[in-house]
Every structure is written in structure tokens, then in C-alpha cells.
Amino acid sequence: MTEFVKPSIEYFELWPLLVVFGAACLGVVVEAFLPRSVRYTAQVVLALGGLVLALVGVVLVGQDVPEYDDGAARGVLAVGGTIAVDGPSLFIWGLVLALAIAGVLLFAERQLDGGVSAFAGQAAAVPGTDAEAASIAANREHTEVYPLLMFAVFGMMLFPAANDLLTMFVGLEVLSLPLYLLSGLARRRRLLSQEAALKYFLLGAFSSGFFLYGAALVYGFAGSLDFASINEAVRNDVGSQSLLLIGTGLLSVGLLFKVGAVPFQAWTPDVYQGAPTPVTAFMAAGTKVAAFGAIMRLFYVALGADRWSWQPMLWIIAVLSMFVGAALAITQTDIKRLLAYSSVAHTGFILTGVLGLQASDQLAVGEISSVQAVLFYLATYGFATIGAFAVVSLVRDSGGETTAIDRWAGLGKESPVVAAVFAFFLLAMAGIPLTSGFVGKLAVFSVALAAGAWPVVVAAVLASIIAAFLYVRVIKVMYFDKPVGDGPSVAYPSVLTATTIAVGAAITLVLGVLPGPVLDLAAVAGEFIR
Amino acid sequence: MILTVLILLPLVGALVTAVVPAAVARLVGLGFAAATLVAGIVAATQYHVGDGMQLTETYTWIDSLGVHYALGVDGLGLLMVLLTVVLVPIVMLAGWHEADAPGNNGAKAFFAWTLGLEAMSLAVFTATDVLLFYVVFEATLIPAYFLIGGFGRAGRGRAATKFLIYQLAGGLIMLASVIGLYVVSADAGNPSFLISDLAALDIDETTQRWLFVGFFIAFAIKAPMFPVHTWLADTTEKATTGTSVLLVCILDKIGTFGMLRFCLGLLPDASQWATPVVIVLALISIIYGALVAIGQDDVLRLIGLTSLSHFGFIVLGIFVFSSNGSSGAILYMVNHGIATALMFLVAGFLIRRTGTASIREMGGVEKAAPVLAGFFLVGGLAAAGLPGLSPFVSEMLVIIAAFDHHWVVGSVAVLAIVLAAFYALWMYQRTMTGPDRVGAAPVVDLDRREVGILAPLLLALLLFGFYPMPLLDVINPFVHDSLASVGIGQEGGPQ
């Protein structure tokens, strides 16, 4: 029995993480003690303040990360080696925080639905009962959503920075549980929302189980949960190969479920559709960023030496995700479901980038690395997605949001600006040049091709064609189709949603025209440390 | 700098036109198009024939990906630039009233999108960085999409979508090749997208072939060639004739331009490897395009399909690898632009008067509107390759080169002249001669404005028909360099 060693905590490096966690806990206290009338303001200010403070922390830490080990990467192993604060972690933290700020702005939007937020007045009131009617009449709203969002953000930051399987699992759960809850809180179409939450929870719980089982098996193989030791064990080929293989497979199930890769994509359309649109926006962008960070860390850091056993699996899953996502998206009649399936396709594209070369010694001079490409793609995808869902929340009729695509006909005439912005986001997702999506695709395709994964790249190109059809079709409906009945109407948003959309569009444009700085930032982020 | 100005002028013009009041939008738009025309002429005066790539500008754009903002023109690029800057103001004048017609999206949008398309097309013809080329190549599709979808006849939304999907598909396939080129250059130690860097690479045979396939599919869709031409007729049928001129006379040239610049320039061995297949496809395009055109009842579909035949000639000229063939092909690109623009615009004027595009429902126009009929006849004869009109020279050069290549190829290509005479004259006969349409008001002849719009095109056809030397002087040095890179001397045979 080894003696218990009290871990030292690197407060400076962990500042962003601690601030977010602190703000989340404080949010619970606010909820318990402040009167209902001031809670909204207090929660929004607290959440935004915490996120901004954390973002400042990321910048400060980022300027001051020491070189690690031999100098190929930079970073610090914190809390007894359980959290790796390295370049990729910091990049992802910054990205998640920026997306979370946009998320809070969308959560706080009250102007679209006549003075109340998009969340249920009283989640506990059964739909259709007097209790629900009473809560609506009293104009109630749940302000718990802000602390829930903050806990999710904390999870999203811990998840990709985790340096052992147990911490990663904790991150996974902390990120997931608040999202299950948030998905069920829609103000309108509550049954759909609750169904979505239940589905998400049940499937998510299963996938977490798989992850935990995988962690146990890998522990059986390596005798340790810590990534560096697992890597060492893989290199030295010590334990039973079958334990490692099965363990890797099970861990992958847990992670691929979170990013919505085929064949674990079944939850995405239902949850994206059922969840309140602000939650969908935040979840779609944030979860994918965090989970891909975790995927890269697990596969590159812990299992990098075992590349040849997981690579074929990722090849197949990437190709399947692209095709299934794009093909099923075409058949959708609901814009949120369509975007959900398109996110599945994007998962495939990002996985294409994961398949590339990741270590600096494998690259030719001036070539970009997989980590760089994937981080860049995540940035482009995150902002385009959150912006697109924010636009979806604007198009409404008397029953709330109109998500049926054919009801969007004539939007180009009804509201040229909204239609143009949405078309722009769609073009970015389709990867048209001069949008961020193009540079993202260029980056991930190049790294995959450089690594010799040309069959995946060819498949990705073909899938992109199918996906392009899907986005173009929506643009055609908006601009060239005759409106059905009265046509859609666009609610005038408050400055909160408007800011989110404007910033999302601006970033999508800038990353498309001048991607240099962010690509360089992703390059400076360098490699994972172990 | 002049090339950047050339691109920025219409781009700024597009934005300005989009925001000024609708009453002056057309004038502002035309003003910017005229300014661009002047800039194009200035660029041409600074160009020295035979000095290779000129007026170059190179700036680093995305450092970590080796992308440059690099522009330059050679003989081929210069002619395409001039064709573009000349045709755009003509299209604007011809569409002056049309875009405001009920059901269309308004002249303001039409002029703004047209200028946007001009800016992107000029960037395509001057880009000397493969990724920059790719970016603007794809960017042309957005204005084109809205031009097709926003103006024209019922069903244009569907036509616009079909157009965009075909083009995007081609573009994405090309993207794989573009990235492939980059990876090859990175493996060679100098990751770069500059054409000059890439041309210096020694790419192995198999890689070259795959890269060629990617580029060629994209350019074949663009050009268009059999069997990926099916978007063409639908688009020209539904779009306004002004849009069709922009698409067929300018945008489609990017296809053959790209074949010369990228397929031959960067992948010479693979281009020779693919020659037999490409020539067969070109011959099918020539014959099939003409045959299908004969069977059309819609004037605009018919004219669109004749272009399939003409692009077949251009591609044939490029891929027989001889100086006659290449010069003829490039000359053809210019002449086809002029002749087809004339055809489309006259047909547009005609359709506005008759209210139908169906050949069956027209007749007897000749008597009521002799000037209109005259222009229509000249356009048709130009398409049919009548001596004295400029397409004849280019067609002869290509056919001679085709006979040099192989007598079978030449004989098949010659057939197209007969077919072309047939579709052109038969269309004229059915629409212009014969009895008047029963119950219809007589067709009003072209007014002075319309004659003024068409006159420059007609003059160009005659001028270059009798005296093509100015064009050939610009073309020949380019052809010489281009064939040298493929490893073929001026005599026309492999060395």
C-alpha cells in the first residue's frame, strides 16, 4: 500500500477551470437564496462574468505555458498528473468558453417569445395540467439553466484536458448530465422535449457504461489509468492484446457516441429537434469541440503507439458518418433535424482529420498537423453551428418556432438579412470558399491525404457533394420557392441573439478569408503532452 | 497592381450597386462595368506579347498552408480578361429593362450579381495560385446561382439548383486534386500552391494520372462536355439570355482555360496519357451536341446545346497537342464567346417580342423585322462556321489539326460543320421565314438601342473573320510555351 500523497494544485494554470466551477456553484446558491425577481439578472451576469474571467485566464495561461519535457510541446501536468494543461487543452478551453458565452446570450434571450425565455416555466408541471397553465400565467421561468450550463462548460473543459481515464470519465459525466436536463426544458412542444431528454439520457447512460467498461479493461491491460503509463504499456507490449483491443473499442463507443458518429448517431436528430433551440445551439457546438479534444487525447496520447489497431476502425466510421449523415439529412423536412444529420456528416469530416499525421517528426517542413487541422475545423464548425441555430430561433409563427423547411419558403423576400445570414452559414457548412468551412475542409483533407488515407478523402469528397445538395436545397426554398400561406415571419431579436448571430457570421467570414492567425494559433498550441 | 484593380472594381461595384437606391442602381452598375472595361484595356496596353506571365503580383495569404494571393496574365489569360470586360457591359445594356419585368428580382440585384460574377471571373482568369484559383472558381457559382434562380422563366429555381449541384460536385472533386498537388509539393519539401512552384515538381506517373482525373472532371462539367453536360440546356432555357451569355460565353470558358492551365501546364504526362479518351469524348460532344440541337423546339435550349458542340471543338483542339490545334482552340474560345453572345442576345430580343421561345410557334419574322432577322442569320451562320466570320478561322485550324492527329478524328469533326449548317439554317427557316403566326401581332423590329448593343459583336465577328492576326499574335507565344511544357515542338508531332 503506497502512502497517500496530497496532490499539489496548480492554481494559476487551472484558473479557467476553477472559475467556471466556482461560478456554477455560486449559481446554485443564487438560485436558493435570491428572490425570483432578481434571479434572471443575477444568473446571467454571474454566468457571463465567470466565462469572461475564465477566458481571460486562458489567454494569460496561454502566454505563459512552460515548455514541456524536450521542448516539442508546451504544457503543465496539474493535480498530480490528472489534468494536462497543454496547447490543445487551452485552445479547446478558449473555444468552449467563447461558444458558452454565445450560449448564455442565447439562453438569456426573452424578446422572441413575448418576454419569456425559451425554457419551461415549471419543468415539474405535467404538460397540459392546471399547474402548467398556472406557471405560464405567472410568467415563471427556470433560471437554473445558467448554473446547469456552467456545469456543462466545466465538464467540457475537463473532458479534453483529462490525463487519465478516470478524470476523463468524470469530465464526460459532468458534461453530459446537465445537458440531459437542459434538453427537457423546452417551453413549447414539451412532450417532444421531454422525450428527447429521456432518449438522450438513456442512450448516454449506456454509452458512459461502455466507456467505463473500456476503462476497466484497459486498466487490466496496462495496470494504470494514466495515459502516459498506458502509452508505455502499449509500446512495451506488456499485457494481453485482446484486453487492449476490446478496451479500445469500448472506450471508442463512449466517445463516438458523444460526437454523434455513425452507428451511434441515432440520438442526434431527436435531441437536436426536441431540445430548446438555444440548448441545441450550445450543445451541438460545445459537445463536439470537447469530445473531439478528448478523442484526440485518448487516441494520440494513450493509444498512439497502437495506431494500427484503431485506425481502420476510424476509417470506416468516418466514411459511414459522412455518407449516412449527408444522405439522411436530405430526407429531412425539419430544419433542426436536418442540421442534426448534417452535424453527423461533419463528425465524419472531422474524423477524417483525426486520421492524419499528428506528431511533428512525421511531418514535412511547413505541413500542418492533424491536431492543428482538427482544432481549426472545430473552431469553424462551432461558430457556424451556434450561429445557424440562433437564426433558426428567429423564424417563428404563432405556435413558436417554425422548423418545417417548407414553411421557410419566401424567407428571402420576407427578411433578406436573416435569409442571407442563414444562407451564409449553410454555405460555410457546405465548405464553399471564402467561408470558414472551406478552409476547415481543406485542412482536414490535406492531413488525411498526407497520411495516405486517400480512400477516406475520396469518400469525403463524394459525401461533400451529397451534403452540398442538401444545403443548396434549403437556400433554394428560402429564395426561389413560393411561400406557403402567410409565409414565415421573423421575430425581431434582442441585442443578445443579434450579437451571437453577427459574431458567428463575422467569425465564419474572417476564418474563411484570413484564416492565418487562427491556423497559427492552432499550430502554436502544438502537441499533446503526456 | 492593375490586375487587383481589375478585380476590385467590379467587386466594389457590386456592393455599391446593391446599396444605392434602385432608381440609379443600373447607371451605377454600368458605370463600374465601364470602368472595369477601361481597366482591362489599360492592362492590355501594359502587356507585352510573348513575355510569358506578366503584370504579376504575389503576396502570402495563408502562410501555414502555402497559399498566395498571386495574379498574372499570359496570352490566354489576357484574351479571357478582355472577353469578360467587353461582354459584361453589353449584357447589362441588353438586360436594362428585362430584369425589372414582373416575376424577376429587379434590375438592382441583376446588376449587382453580374458585377460580382465579373469580379470572380476576372480573378479566375488571372489567378496564378492553385488555391486562389479554386477559391474564386467556386465563388463564381454564388452570383451565377442567384442570377439563374432570380431571373428568367418559370422553373428557374430548379434549374439553378441543378446547375449549382453539378458545378459544386465538379469543384469538390477538383478539391481532392488541389490538395493532392499540395501534398506532393509538401513531400518534395516546399509546400506551396503557386503554379510556378508546382510546375517545377516532378510528379510520378500514377499520382499525376489521379490528379489529372480530378481536374479534368471538374473542367469537363464546367466546359461542358458529354456526358456531364446535362445542366447546360436546362440552365440556358430557364435563365435570361443575359445570364446565359455570362454563363456560356464567360464562365464556361473557365473549363477549357483550366484544361490548358492546369491539365497541360501542371500534369503534361497525364494529359498525353488521357488523350485518346478525351478526344473520343470531345468528338461525341461535337456530334451529339449538334444532333440534339437540331431536335430542339426551344430557341434557348437549341443555342445552349450548340455550345456543347463548340466546346467539343475547343477541347479537341487542346488535346490533339499541335500548334494549330491549340491556337485554334484558344481562338475558338474568343470567337465562340462573341458569336454565342450575339445569338443569345438576338434570341432574347426575339422572345421578348413573340412572347414564346418555341420555334413551332414562330414564323415570318423576316418580313416584319428584317434587321432582327439579319442579326439572327449572321449569328447562326457564325455558329455554322461560314467563311468570313471569325469562328470559321478557329474551326478550320482545329479541323486541320484533327486531320494531322488522325484522319478518322478529322473526318468525324468535319461532319459537325454540316450538322451546324443544318441546325442554324433550319432554325432560321422555321422562325424567320414562312407565313406569319396566325393571330399574332407583327414583330416590331429592333430599335436603335438594341442595334447599338449588337453592333460591336457583329463588327468583331467580321473583323476577326477577315483579320485574326491580332488575336493569333497574342495566342501563339502562349501556345509555344504550353506545348513546350508538354514536350512537343512547334511542328506538331512528338519530339
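**Chain contact and a helix pair in a predicted model**

Guide: Over residues 127-419 of chain B, the chain is 80% helix and 0% strand, with the end C-alpha atoms 37 Å apart. Helices (H or I, at least four residues) and strands (E, at least two) are DSSP runs, numbered from the N terminus. This is a predicted model, in which local features need pLDDT of at least 70, side-chain atom pairs count only at pLDDT 80 or more, and totals for chains, interfaces and linings use all residues. Residues are numbered from 1 along each chain as its sequence is written, and chains are lettered from A and ligands numbered from 1 in the order in which they are written.

Visitor: What does UniProt list for residues 127-419 of chain B?

Guide: The unreviewed UniProt entry gives "domain: NADH:quinone oxidoreductase/Mrp antiporter transmembrane"; positions follow the numbering used here, feature names are shortened, and annotations may be inferred rather than shown by experiment.

Visitor: How many residues does each chain give to the contact?

Guide: Chain A gives 31 residues and chain B gives 29 residues, where contact means C-beta atoms, placed from the backbone, within 7 Å.

Visitor: Which helix supplies the largest share of the side of chain A that touches chain B?

Guide: That is α18(A), with twelve residues. The residues of this side of chain A divide into 22 nonpolar, four polar and five charged (Ala, Val, Leu, Ile, Met, Phe, Trp, Tyr, Cys and Pro count as nonpolar, Asp, Glu, Lys and Arg as charged, and the others, Gly among them, as polar).

Visitor: Changing topic, at what angle do α3 and α15 of chain B pack?

Guide: Helix α3 (residues 75-94) and helix α15 (residues 323-354) of chain B pack at about 5 degrees, their axes 10 Å apart. Axes are lines fitted to C-alpha atoms, for helices over the stretch in contact, and angles run from 0 to 180 degrees between N-to-C directions. The two helices, α3(B) and α15(B), are therefore roughly parallel, that is, at an angle under 35 degrees.

Terms used: Two residues are in contact if their C-beta atoms, placed from the backbone, lie within 7 Å. Angles under 35 degrees count as roughly parallel, over 145 as roughly antiparallel, 65 to 115 as roughly perpendicular and the rest as oblique.
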